[in-house]
Amino acid sequence: MKYCFGVDVGGTTVKLGLFTVEGELLDKWEIKTYTENEGERILPDVTKAIKEKIAEKKLATDEICGIGVGVPAPVDKNGAIERAANVGWKAKEIKKELEELTGYPYVIGNDANVAALGEMWKGAGEGEKDLIMVTLGTGVGGGIIIDGHPVVGAHGAGGEIGHITVRNDETETCGCGRKGCLEQYASATGLVRLTKRYFEKNAKNSILNKKEITAKEVFDAAKAGDEAALEITEEFGAYLGQALVNLAATVDPAVFVIGGGVSKAGNILLDIVRKYFYDHAFYGNQKTKILLATLGNDAGIYGAAKQVL
């Protein structure tokens, strides 16, 4: 039997999984992400966790074909990054450091690309080789898979879907320093921003017309038929749909997979985005499917392992 590990490095925890090469998840666990001192503990902690699991499972060195890692940063072809603010890293040669620590071969990828690989391999996109995953959380992430391989790009920044420009008249600045990015409207924080702006211009009676709201509350209100919430979520869907239309015309994926915390809204989110997409998509993209992700928080470890294979 041959095995591989998948590792998903996040700002709060590092998720790890032990897989067979056929894709069966045998074990999964987490360790805390210590970001102090520029995240100096993270890679040694990952190494320790993997070595302990190898010892626990009594695995032989020649049974392990590699370890895949997803990290929250653009990754170059040598497995190095310029910085990863969420975990405290500055310029770091991740692949080199990990291989020196353990002796096993490593494959390093951007976390969103890795999650897309996971959904392609064992999730909503299983059976497809051309897929785009969009993750809607605090921000908007993305991964583009063509012919089974992630689009990394010349600088490791391929698939930065959240920073597609969808408005040219925006005055507020995105976290990336630009203005009008998809992330400013189609993320959880973006939906809250749209809601606040809506009530600055409309005096409608709504359960959302209060000081503090969440993205979940907006979608829950829309499900309950709240008129304001329906208008706000339609605007949200138009921004996201516009981005998907343009991506489809560029890449022509078989499927869009939508994940992240906002995707828990479920079918109402799909209905809104599908409506805009199919009303505006190029005729050659009308067969593209739009589905919800199915692996949840495990997409990263599945995709990290798939990188090795």
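Met133 is found in strand S8 (strands are DSSP runs of E of at least two residues, helices runs of H or I of at least four, both numbered from the N terminus). The model is predicted: local features need pLDDT of at least 70 and side-chain atom pairs pLDDT 80 or more, whereas totals for chains, interfaces and linings use all residues. Residues are numbered from 1 along each chain as its sequence is written, and side-chain values use heavy atoms, without hydrogens or water.

Met133 is buried, with a relative accessible area of 4% (buried, under 20%; exposed, over 50%; partly exposed, in between; 1.4 Å probe, protein chains only). Contacts of Met133 beyond four places in sequence include Ala115, Ala116, Glu119, Ile161 and Ala293 (contact, heavy atoms within 4.5 Å). Val257 is also touched. The C-alpha atoms of Met133 and Val257 lie 4.6 Å apart, across 124 residues of sequence.

Strand S8 belongs to an open sheet of 5 strands, ordered S10-S9-S8-S11-S12, with mixed pairing (strands pair if DSSP finds at least two bridges between them). Strands S10 (149-150) and S12 (289-292) stand at the edges. Each has a single partner strand, so one side of each lacks a neighbour in the sheet. S8 (residues 131-136) pairs with S9 (residues 140-146) in the antiparallel sense, over 6 bridges. Val134 has Gly142 in S9 as its bridge partner.

Helix H4 (residues 111-122) lies across S8, S9, S10 and S11 (255-259). H4 runs at about 55 degrees to S9 (angles run from 0 to 180 degrees between N-to-C directions; axes are lines fitted to C-alpha atoms, for helices over the stretch in contact). Helix H9 (residues 267-280) also packs on the sheet, touching S8, S11 and S12. The direction of H9 makes about 165 degrees with that of S12.
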